[in-house]
Amino acid sequence: MYTPLSSSAHTPGINADVWLLGITFVEISAMSAAVETLVSILKMRAPGMSLDKMPIFAWYLLVVAAMMLLGFPPMILGSILLELERAFDLPFFDPTRGGDSLLWQHLFWLFGHPEVYIIFLPAAGAISTVLPVFARHRLIGYRGIVVSAIAVGFLSFGLWVHHMFAVGIPHLALAFFSAASALVAIPTAVQIFAWLATLAKGRPRMDIPMLYLSGFFLIFVMGGLTGVMLAMVPFDWQAHDTHFVVAHLHYVLVGGFVFPMLAAAYYWLPHMTGRLSVRGLSVPAFWLLLIGFNMTFSLMHLTGLKGMPRRVSTYPGGVGWDWLNLLSSVGGFVLTMGFALFVLDVVLHIKFGKPFRRNPWKAASLEWATPTPPPSYAFASLPHISERADLVDPETLGPRLAAGDGYLGLARNNWMESLGVDMTTGKPDQVIILPQPSYLPLLTALATGGFVLCLLFKLYWVSLVPLALVLALFMVWTRTSGLKHDTDLLPIGRNQSAPPHVQAAQAPSYLAMVFALVGNGTLYVSLLFGTLFLWLVAPNWPPRELIETGLAVPALAVTASLLAAGLARRAVRALRDSRSPVPALLGATIAHLTALGATIWLVSTALPDPTSHAYAATSFVVLAYCALHNALGLIFAVFGLWRWHDGFLSAKRTLDLRIGSRLHDYTGLASLAGVGLVLIMPKLVAMTEGLAP
Amino acid sequence: MFWGSVALFALVTGILALCFIAPGFASRLSSRWLVFGGGLVMPSVILTALVIFALFMGERLIASPQREAPLRVEAHAAQWNWTFRYPAVDGVAPTMDRLHIPSGEPVDIVITSADVIHSFWVPRLGGKLDAIPGHENIVRLQADRPGIYRGVCAEFCGEGHTIMEFTVEAHAPQDYESELRQMDRTQ
């Protein structure tokens, strides 16, 4: 629902807050998943698996995770701003006070379009993995497909405006986004033809997963073709917000996601259950789904072209929509029966499927080399990969790994270990010592949920309790990781050895901090651009009151933040030279406190009332963001002191301080950009004042 | 576009079917030819032509300056009705949910909103443009023949969205002003 319809004036009550906070909560967890996936794929592959030996599925997920990292922040920002508007009356989207509902649309679709490909690409990865097994031929065009997936990732960020062709945007922008929307069809076509070529070159056999994949081809290609039609602006102006679009998006999503996922479910369920499928129901379920789906949605192309708009609760009779809608409804029932049959099939499979030994599909990828169903440790020892990882022989590899004939086929110190590798070459460069099983992650998640619930019920002061709890739990969590003594290189098997991750140059947690900051930076840049967007585009500018401050306090805030970053770097250097990092860390703590105080002073005394105008509201959020990061910097600086005190740090074990240092760097830059923008805004407003109509 | 799509759909499903029905024949297809020809060259050519064609078509709907400025009417949306004003015709009162335009010539419709986002759409006249609070959007439409055309709000705008309909009445151009004034008196 677009603003201002979703603002509190037009949608009062708690309902909209539920989905807004819910979406923010879920997206932040999705961001964590994106960071986790990126780090796992880049750092935790099997030894020897250089990037060009990765299974195709890993490539797809790498692209998807990167897209999530950059695509979700605008939406998180949008929902936070809307919630701030609903809860505290900050007018970001209110045109009477210098806000603009178009800001919401831009933020939403900047997320919304990459999201479509975030849904499609994992399914495409599944197709690229499953299809060669049934074609009985290696995947043709591996490199072309990798390039296509990356191209789709890039292009998908350049076409969000095609959801907004009807909002009245400049001429040239329409042409650009129309061309970009058409362009994205090309890498998709490359993938489809590569799959067809794989089938053509192999000796394909029809089995349940392959049957569902053929359903994918039929449905998705139609959805792609109507997509190209909609990319044409004049056609879109006619079909936009009609049932034609409803039909298109279901063809793309059901074709591009549901059918491949059903194929994937039939393909990988045996891996999880150790049982084979019961065949009797899968085939009728497929035909019910295929027929039901097409009956429901293909007719909607017609209903849409006959002018039926979306999102109506009823429609007048006698304009030619009646029988089309009736048939669509019948199709809906058929489709439901198909899904019911599928669910029944899965239940029967889990209960009565025939057990098997290993690799029922004769696949050539690594996951079938584990025992099935897989034990909690997955592989007893890690394989060395010397060829493409989806061209291996699980039948011979599996028993060897189970017998411990690989890396880390040993237990020591009661540690749970895994290997970290160089990101490009795949050479092992560290032993990652994993935390022991614990309820801490669950408790932290529950506390985070408690914080969101407090916000939902507007218990803002109470919300500080779960927030403090989250912080405390994170701190307790860190007690389970790290080493208190320097360690020699650890043997990892196959006559090699590697340092523990706390002594390695690039631990997974370090990389995770870098990626988290990239995602965070995307949110921040969206916020800064949103501020400028409102200044340039929104109605009812200029604001009546501007910030009143000299240079002294803003300069103090920025200087102190940059100083904190410098001191944090000095602390790392001191530690490396076997000196105490305490003076530098204490300095960083004081610097963050100073910056925090200065920024809060700017917000509370110099800035006009943030509810008065979108200008003041955006400046308020920018400064609050800076203050929040100074507070985080403070926590990280104190954390560094704590780790030193408890003996987790040494000249070799600098990881904790290096992770913190990246955050301090980021905070310095954020303060420079944010406080700087707030200072410049009055000048910018004065500049356009003369131009205002 | 429709027949082009049918042909492309038939091509893809045809190759897919061949792989299973006649694997011998399918395996003689060159995979390089399939991936580069089908995936890269074919869509590039088709899409370039299509985008250029669409841009020219789009020009006609966009209110670009013309030698002779078309008639301007205003469409103002509010939850849940449309008010149409005729600044170009002196002394005519606004009409509710019924827009009067001359037929056979382009008309610029200036679309605004009082509250939330609505969208102005008359399916048979084509084109669709949102009414966004705080902004002014202009769509250029032309009714080729006099008659009644039905219009709807095409952007969900709350409980009354379903019933937010209007009609467009196109008059013969020579009778337009007189009929509009007459309408005004009878209302």
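1. Domain bounds here come from an automatic or database domain assignment. On that basis chain B splits into domain 1 (2–59) and domain 2 (71–186). The centres of domain 1 of chain B and domain 2 of chain B, taken over C-alpha atoms, are separated by 42 Å. The model is a predicted one, and what follows should be read with that in mind.

2. Confidence in chain B. Its mean pLDDT is 84, with 94% of the residues of chain B at 70 or more. Among the elements of chain B, the lowest mean pLDDT, 76, belongs to helix 2, and the highest, 93, to strand 2 (residues 81–85).

3. The interface between the chains. Chain B brings 62 residues to the contact and chain A brings 64 residues. About 5300 Å² is buried between chain B and chain A, and carbon and sulfur atoms account for 75% of that area. On the side of chain B that touches chain A, two or more residues come from each of helix 1 (2–21), helix 2 (23–26), helix 3 (31–59), strand 7 (128–131) and strand 9 (147–153) of chain B. Helix 3 of chain B contributes the most to this side, with 17 residues. Sorted by class, the side of chain B that touches chain A holds 37 nonpolar, 18 polar and seven charged residues.

4. Polar terms between the chains. The count of salt bridges between chain B and chain A is zero. Two residue pairs are in polar contact between chain B and chain A, both at pLDDT 80 or more.

5. Domains of chain A. The assignment for chain A gives domain 1 (1–205), domain 2 (439–479) and domain 3 (541–689). Between the centres of domain 2 of chain A and domain 3 of chain A, taken over C-alpha atoms, there are 24 Å. Four residues of domain 2 of chain A and six residues of domain 3 of chain A take part in their contact.

6. The area between domain 2 and domain 3 of chain A. These two domains bury about 500 Å² between them, of which 67% comes from carbon and sulfur atoms. Of the area that domain 2 of chain A buries against domain 3 of chain A, 88% is supplied by A:Met475, A:Thr478 and A:Arg479, more than by any other three residues.

7. Polar terms between domain 2 and domain 3 of chain A. One salt bridge is counted between these domains. A:Arg479 and A:Asp646 meet through their side chains in a salt bridge, at 2.6 Å from N to O. The count of residue pairs in polar contact between domain 2 of chain A and domain 3 of chain A is two, both at pLDDT 80 or more. The side of domain 2 of chain A that touches domain 3 of chain A consists of two nonpolar residues, one polar and one charged.

8. Backbone geometry to check in chain A. The peptide bond joining A:Thr372 and A:Pro373 is cis, with omega about -10°. A:Pro373 sits in the loop between helix 11 (322–352) and helix 12 (394–402) of chain A. The loop between helix 11 and helix 12 of chain A also holds A:Lys362. A:Lys362 is not a glycine, yet its phi is positive, about 60°.

9. Backbone geometry to check in chain B. A cis peptide bond runs from B:Gln79 to B:Trp80, with omega near -5°. B:Trp80 is in the loop between strand 1 (71–78) and strand 2 of chain B.

Notes. Residues numbered from 1 in each chain as written. Chains lettered and ligands numbered in written order. Heavy atoms only, no water. Contact = heavy atoms within 4.5 Å. Buried area = accessible area lost by both parts, 1.4 Å probe. Salt bridge = Lys/Arg side-chain N within 4 Å of Asp/Glu carboxyl O. Polar contact = N/O pair within 3.5 Å; in protein donor to acceptor, adjacent residues only side chain to side chain. Helix = DSSP H or I, 4+ residues; strand = E, 2+ residues; numbered from the N terminus. Nonpolar A, V, L, I, M, F, W, Y, C, P; charged D, E, K, R; others polar. pLDDT = per-residue confidence, 0-100.
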